[in-house]
Amino acid sequence: MDHAIQTIKRIYESFNARDIDAVLAVLADNVSWANGMDGGHVHGREAVRAYWTRQWSIVSPHVEPIGFQTMADGLILVEVRQSVRDLEGKPLQDQTHGLTDKMVGHIFRFTNGMITSFDIRSEA
């Protein structure tokens, strides 16, 4: 699981640097990825790219992993501090999407070294 945790740490670094290709490289072709803005999931690498590209055109999110826990079923739960600002770096006001500053749980599933699913648990 150490390899998986190191992969997840790199994903957060790449996400915060807006290096989407580095993140997509470790996602399975048919990945199921939670849509934190609109709810539900997007499916496949290109859908994740489109989701993040849209998100980054509206807000400037930053996610910082605080803790990692390997679950009995092989899932990895990451406690994350999520910070969301406007495109100028200012705190959000009158938001119309589901992104806010808060602690959340991110849940990753790996198969054959690739991330096959990502879900969000509202409270870490």
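1. Start with the lining of the largest pocket: by class it has 14 nonpolar, six polar and one charged residues. Here Ala, Val, Leu, Ile, Met, Phe, Trp, Tyr, Cys and Pro count as nonpolar, Asp, Glu, Lys and Arg as charged, and the others, Gly among them, as polar.

2. Bear in mind that this is a predicted model, where local features need pLDDT of at least 70, side-chain atom pairs count only at pLDDT 80 or more, and totals for chains, interfaces and linings use all residues. Residues are numbered from 1 along each chain as its sequence is written, and side-chain values use heavy atoms, with hydrogens and water left out.

3. That largest pocket has a volume of about 320 Å³. Of its 21 lining residues, Y51, Q82, H106, F118 and I120 are the closest to its centre. A pocket is an open set of points on a 1 Å grid over the protein atoms alone, where a 1.4 Å probe fits, with protein on both sides within 12 Å along at least five of seven lines; lining residues have an atom within 4 Å of a point. Points are joined across faces, edges and corners, and the volume is the space filled by probe spheres set on them.

4. Strand 5 gives the most to this lining, with four residues. Elements supplying at least two residues each include helix 1 (2-16), helix 3 (45-58) and strand 6 (114-121). Helices (H or I, at least four residues) and strands (E, at least two) are DSSP runs, numbered from the N terminus.

5. Look at N112 too: it is not a glycine, yet has a positive phi of about 50 degrees. N112 sits in the loop between strand 5 and strand 6 and is exposed, with a relative accessible area of 79%. Exposed means over 50%, buried under 20%, partly exposed in between (1.4 Å probe, protein chains only).
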